[in-house]
Amino acid sequence: MGYYLIALFVIILDQFTKWTVVRNMEIGESIKIIDHFFYLTSHRNKGAAWGMLEGQMWLFYIITLIVVSGIIYYMQTQAKGKPLFQVSLAFILGGAVGNFIDRLFRKEVVDFLDTYIFGYDFPIFNIADSALTIGVILLFIQMFKEERKEKVSEHG
Ligand SMILES: CCC[C@@H]1OC(=O)[C@@H](C)C[C@H](C)CCCCC(=O)CCC[C@@H](CC)/C=C\C=C(/COC)CC[C@@H](O)[C@@H](O)C[C@H](O)CNC1=O
């Protein structure tokens, strides 16, 4: 149950930051935080990453519901007793739900984290995307750990 609180925290932080951007910034408005590195730019995305599949909301609902139900199933079964596994799933769960709420009520996703560190044309993203990406990375680390553990036990 504790791990769901991580997802809840991600959702609340994600929705609060998006709500603040929507309330205080015009679309397209940009606030410089660190010159040439980091800006807050109010942006909307009707698609997935990089604006893929723009407007395909039903597809996004279906994918998100599959992702969310898969995660809850894994949290109740395979991830039992594996903290890193649980935490990575909780981050992905929080991110997926955060963007799902936007897609449901706004029919688009609010983005505002505008960086030039990852390469000039890196898309503008949000807290939910960050949680999803962190969750995916942690999941890979977890899978790598599991694989190594099996290797060691095989060879003793
Ligand atoms: C992060 C997944 C995108 C997120 O997926 C979601 O919601 C999930 C739960 C449901 C989608 C319907 C399906 C995802 C398809 C997978 C995908 O797309 C592969 C992406 C790779 C990814 C590593 C995992 C790299 C990085 C992306 C970005 C930067 O992330 C830090 C760009 C974010 C900006 O394009 C921003 O405008 C996006 C906008 O906020 C809507 N966000 C979504 O669709």
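Let's start inside helix α4, where A131 has its place. This is a predicted model, in which local features need pLDDT of at least 70 and side-chain atom pairs count only at pLDDT 80 or more, while totals for chains, interfaces and linings use all residues. Residues are numbered from 1 along each chain as its sequence is written, and side-chain values use heavy atoms, with hydrogens and water left out.

- A131 counts as buried, at 5% relative accessibility. Buried means under 20% relative accessible area, exposed means over 50%, and partly exposed lies in between (1.4 Å probe, protein chains only).
- A131 and W19 are separated by 112 residues in sequence, and their C-alpha atoms are 17 Å apart in space.

**The overall fold**

- The protein chain has four helices and three strands. Helices (H or I, at least four residues) and strands (E, at least two) are DSSP runs, numbered from the N terminus.
- If you read along the sequence, the pattern is α-β-β-α-α-β-α.
- Along the principal axes, the C-alpha atoms of the protein chain fill a box of roughly 60 × 35 × 30 Å.
- The protein chain has 156 residues, and buried residues make up 35% of them.

**Around the ligand**

- Which residues are closest to the ligand? They are N45, W50, R103, D111 and D129, and 20 residues surround the ligand in total. A residue is near a molecule if one of its heavy atoms lies within 4 Å of it, and the same rule holds for a strand.
- W50 has a backbone N or O atom 2.8 Å from an oxygen atom of the ligand.
- R103 places a polar side-chain atom 2.7 Å from an oxygen atom of the ligand.
- A polar backbone atom of I124 is 3.1 Å from an oxygen atom of the ligand.
- On its own, the ligand has 830 Å² of accessible area, and the protein covers 80% of that. Accessible areas come from the Shrake-Rupley method with a 1.4 Å probe; for residues, only the protein chains shown count as cover.
- The space taken by the ligand is the largest pocket. On a 1 Å grid over the protein atoms alone, a pocket is an open set of points with protein on both sides within 12 Å along at least five of seven lines, whereas a cavity is a set of points where a 1.4 Å probe fits but cannot get out; lining residues have an atom within 4 Å of a point. A molecule sits in a cavity or pocket if more than half of its atoms lie within 2 Å of its grid points.
- Two or more residues of the shell around the ligand come from each of these elements: α2 (57-76), α3 (83-105), β3 (109-115) and α4 (127-155).
- By class, the shell holds 13 nonpolar, four polar and three charged residues. Ala, Val, Leu, Ile, Met, Phe, Trp, Tyr, Cys and Pro count as nonpolar, Asp, Glu, Lys and Arg as charged, and the others, Gly among them, as polar.

**Two residues of strand β2**

- S42 has its place in strand β2 (residues 38-45). S42 is buried, with a relative accessible area of 1%.
- The side chain of S42 makes a polar contact with the side chain of R44 (2.9 Å). A polar contact is a pair of N or O atoms within 3.5 Å; within protein, one must be able to donate a hydrogen and the other to accept it, and residues adjacent in sequence count only if both atoms are side-chain atoms.
- N45 is found in strand β2 as well. Is N45 buried or exposed? N45 is buried, with a relative accessible area of 14%.
- The N45 side chain reaches the backbone oxygen of A48 at 2.9 Å.

- I12 sits in helix α1 (residues 2-24), and counts as exposed at 51% relative accessibility.
- I12 and G98 are 86 residues apart in sequence, with their C-alpha atoms 8.1 Å apart in space.
- I63 lies in helix α2 and is partly exposed, with a relative accessible area of 41%.
- I63 and A96 are 33 residues apart in sequence, and 9.6 Å apart in space from C-alpha to C-alpha.

**Positive phi in two loops**

- L53 lies in the loop between β2 and α2. Although L53 is not a glycine, its phi is positive, at about 55°.
- K107, in the loop between α3 and β3, is a residue other than glycine with a positive phi near 60°.
- L53 counts as partly exposed at 45% relative accessibility, and K107 counts as partly exposed at 46%.
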